[in-house]
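Thanks for making time this morning.

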Amino acid sequence: MKILGIESSCDETAAAVVEDGRKVLSSVIATSLEEHKLYGGVVPEIASRRHAESISGVVSEVLEQANCTVDDIDAIAVTYAPGLIGSLLVGVNFAKGLALAADKPLVPVHHLRGHIASNYIDTELEPEFLCLVVSGGHSHIVLVKDYTEIEVIGKTRDDAAGEALDKAGRAMGLEYPGGVSIDKLSKEGNENAFEFTHPKVNDSLYDYSFSGLKTAVINIIHNANQKGGEINKADIAASFQKAVVDCLLEKLELAIENTGAKQVVIAGGVSANSKLRSEAEKLCKKHRISLSIPQLKYCGDNAAMIGAQGYFEYKKGVVADESLNAYATMPIDKINY
Ligand code: KG4
Ligand code: ZN
């Protein structure tokens, strides 16, 4: 079964043709990232305009690369939540129009479920597994009981891990997105140069909090700047990255121990982080359980993951009509469309 996936929740306009949820026949991504770099973050108005300009060409190109036409497609899967509303609406409206014109089923896909599904691509991974979902907007520990059945075990009470990395990068004057810049710069730094207190989250074993860590690193940078002293950015980057990764994995380890999980999966843009990848490997080796991490090209936003999850949602009977709307927020476990 061939699914055409469409993704436009942030600044990537993406389309992909995916067979049976695991084989990517083609994947195309256009991004407006370079423009947003000027402003140190994604400007929603610019992102929506670029989606509107690019989406038609991106979809045509992806079909051509897969050597097929829309007639060969079994269903159209589209990210409908969560994300920037003006961005989501471009993908949703395009998918609705195409589904109506070509008389194809329309499958709404939750963006974070898509990130999880990036781990099905080119693998034989099957639920049940424990998954750490870490992106620019979300940090969750979830239990994936089945492809479309998800239980939230923990989540951030404030900032997402990616957001904290991006804001720290910005305070250091690094290029957006800060997470990527911090990962690169950390390789030259001493991760033990600065110590960060790990936040305590009341009444929860598995919830995260990153706003305190973010404020701590920003204070270090501002204090140093005010004193006009030399500050080793690489050391701060490496130490802060270590603190974020340690926090993420501390709670994940607790969840592994308490749920008896046999498989662990990492997903979302931050899963590209080299420190997170290597530390997660060590953690899973220590517990003698398997670890799945997406291929680097499927860590960030893409439509192959939407085509992959769309396949499993469609098989479960998830189909929308032309009244489908886009939503800026939507829980991962109780989806509504
Ligand atoms: O999943 P994603 O592409 O978009 C959202 O759904 O939010 O995630 C973007 C986030 C950004 O915060 C970015 O800084 C972070 O993923 N990111 C990284 C790395 N690559 C992307 N963070 C740390 N290390 C990386 N290598
Ligand atoms: Zn994402």
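Predicted model: local features only at pLDDT ≥ 70, side-chain atom pairs only at ≥ 80, totals over all residues.

Asp103 lies in the loop between α3 and β5 (106-110), where helices (H or I, at least four residues) and strands (E, at least two) are DSSP runs, numbered from the N terminus. Although Asp103 is not a glycine, it has a positive phi of about 55 degrees. Most residues other than glycine have a negative phi, and most peptide bonds are trans.

Residues are numbered from 1 along each chain as its sequence is written, chains are lettered from A and ligands numbered from 1 in the order in which they are written, and side-chain values use heavy atoms, with hydrogens and water left out.

Staying with the backbone, the peptide bond from Ala81 to Pro82 is cis, with omega near -15 degrees, and Pro82 is found in the loop between β4 (75-81) and α3 (85-102). Another cis peptide bond joins Pro127 and Glu128, with omega about 20 degrees, and Glu128 sits in the loop between α4 and β6 (129-134).

Now to the metal: which residues are the protein donors of the zinc ion, ligand 2? They are His111 (NE2), His115 (NE2) and Asp301 (OD), lying 2.0 to 2.1 Å from the zinc ion; donors here are N, O and S atoms within 2.8 Å of the metal (3.2 Å for Na, K and Ca), and water is not among the atoms, so the site may look incomplete. Along the chain these donors follow the spacing H-x3-H-x185-D. His115 lies in helix α4 and Asp301 in the loop between β10 (290-292) and α10 (304-315), so the pair ties together parts that are 186 residues apart in sequence.

A backbone N or O atom of Gly136 lies 2.8 Å from an oxygen atom of ligand 1, and for Gly179 a backbone N or O atom is 3.2 Å from a nitrogen atom of the ligand. In total, 18 residues surround ligand 1, each with a heavy atom within 4 Å of it, and among the closest are Asp166, Asp183 and Gly269.

Notes. Polar contact = N/O pair within 3.5 Å; in protein donor to acceptor, adjacent residues only side chain to side chain.
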